[in-house]
Amino acid sequence: MAASNDDRDIHGSTRGDLRQQIREFLSTRRAKLSPEQAGLPVYGGDRRRVPGLRREEVALLAGISSEYYTRLERGNATGVSDSVIDAIAHALQLDDAERTHLLDLLRTAGTTRPPRRRPARQRVRPTVQRVLDSMVGTPAFLLNGRLDLLAANQLGFALFSPIYADPARPPNNAQFLFLDPHATEFFCDWDKVANDTVALLRAEAGRDPYDRGLSDLIGELSTRSEEFRVRWAAHHVRIHTSGVKRFHHPVVGDLELAFESFPLAADPSQSLLTYTAEPGSPSQHALRLLASWAATTDDIEQPASTDDPEQTESAQTPD
């Protein structure tokens, strides 16, 4: 019998594909790690049919049986302990983001599947909007886990005016990046931004594989963008909370801005994103020009009022 829509998880796949995600994630991590990097001896006559480590080598490094690791890599995660996960993470030299992603996948696969939720109505708390608006001179945004731009201040709207040019609301960073031809001009380091964006979505999908809105987004991008499909298949994950991005803005030209992302404890999966320029730099001058343009033009969207009832409705209210 074919699976119903409610029996599906990430990008329309059945529950069996959650096991496939575990298998593909672990196998891609094995393929990246050579025996030399893992500290294992390599003999001259050892002809390896697979790149990287073999399953039995990972099991040896983790201190578990080869049979147990093989079952685990095939997605049989029932009863797996944190100590075993730590041992496998150490054997595969996973970073913090990769270990967290593996833990998310194994725990989800080893528990009873909850009903697949309809997308929850996102809310922007009035206090959060006031924080955004108070950050004069700093482009600031509120994002959720699927990278929707839920809110922004005036300078944020101005900086991301190419993204807000799409009438769809809320605009989505990933959709703009992979589906809008202007993205490669707007993001100077498009390839790096694309890799980081997919790594963020992969980590979010591991945290919440039954989020229908997220799975719909991944399905759309997988269908419409070869660039996305290739990156999604690599199973890279990343914690992406600070760094530098370079933009080419259609009004003020090039900007190099440092970003910081601050998770909001009261609103799970939401985060505050800010951009700042080095004092005295050309980018700071460009930001000031952008602020002047934003204050005098009617060509950009203005921040929504915090008195909007749609913004204060509980995020837990189902459609």
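**View 1. Pairing of strands β1 and β2 in the predicted model.** Strand β1, residues 140-143, pairs with β2 in the antiparallel sense. The pairing of these two strands extends over 3 bridges. Leu 143 has Leu 149 of β2 as its bridge partner.

**View 2. The open sheet of 5 strands.** The strands follow the order β2-β1-β5-β4-β3, and their pairing is antiparallel. Strands β2 (149-152) and β3 (242-249) form the edges, each pairing on one side only. From one strand to the next, the twist averages 30°.

**View 3. Helix α7 against the sheet.** Helix α7, which comprises residues 126-134, lies across β1, β2 and β5 (271-276).

**View 4. Packing of helices α5 and α6.** Helix α5 (residues 82-91) packs with helix α6 (residues 96-109) at an angle of about 140°, and their axes are 10 Å apart. Because of this angle, α5 is oblique to α6. The two helices cross in a right-handed manner. On the α5 side, the contact is made by Asp 82, Ile 85, Asp 86, Ile 88 and Ala 89; on the α6 side, Arg 99, Leu 102, Leu 103, Leu 106 and Arg 107 take part. Sorted by class, the contact of α5 with α6 includes 6 nonpolar and 4 charged residues, with no polar residues.

Terms used. Residues numbered from 1 in each chain as written. Predicted model: local features only at pLDDT ≥ 70, side-chain atom pairs only at ≥ 80, totals over all residues. Heavy atoms only, no water. Axes fitted to C-alpha atoms, helices over the stretch in contact; angles between N-to-C directions. Helix = DSSP H or I, 4+ residues; strand = E, 2+ residues; numbered from the N terminus. Parallel < 35°, antiparallel > 145°, perpendicular 65-115°, else oblique. Left-handed = near helix turned anticlockwise from the far one by under 90°. Contact = heavy atoms within 4.5 Å. Nonpolar A, V, L, I, M, F, W, Y, C, P; charged D, E, K, R; others polar. Pairing = 2+ DSSP bridges.
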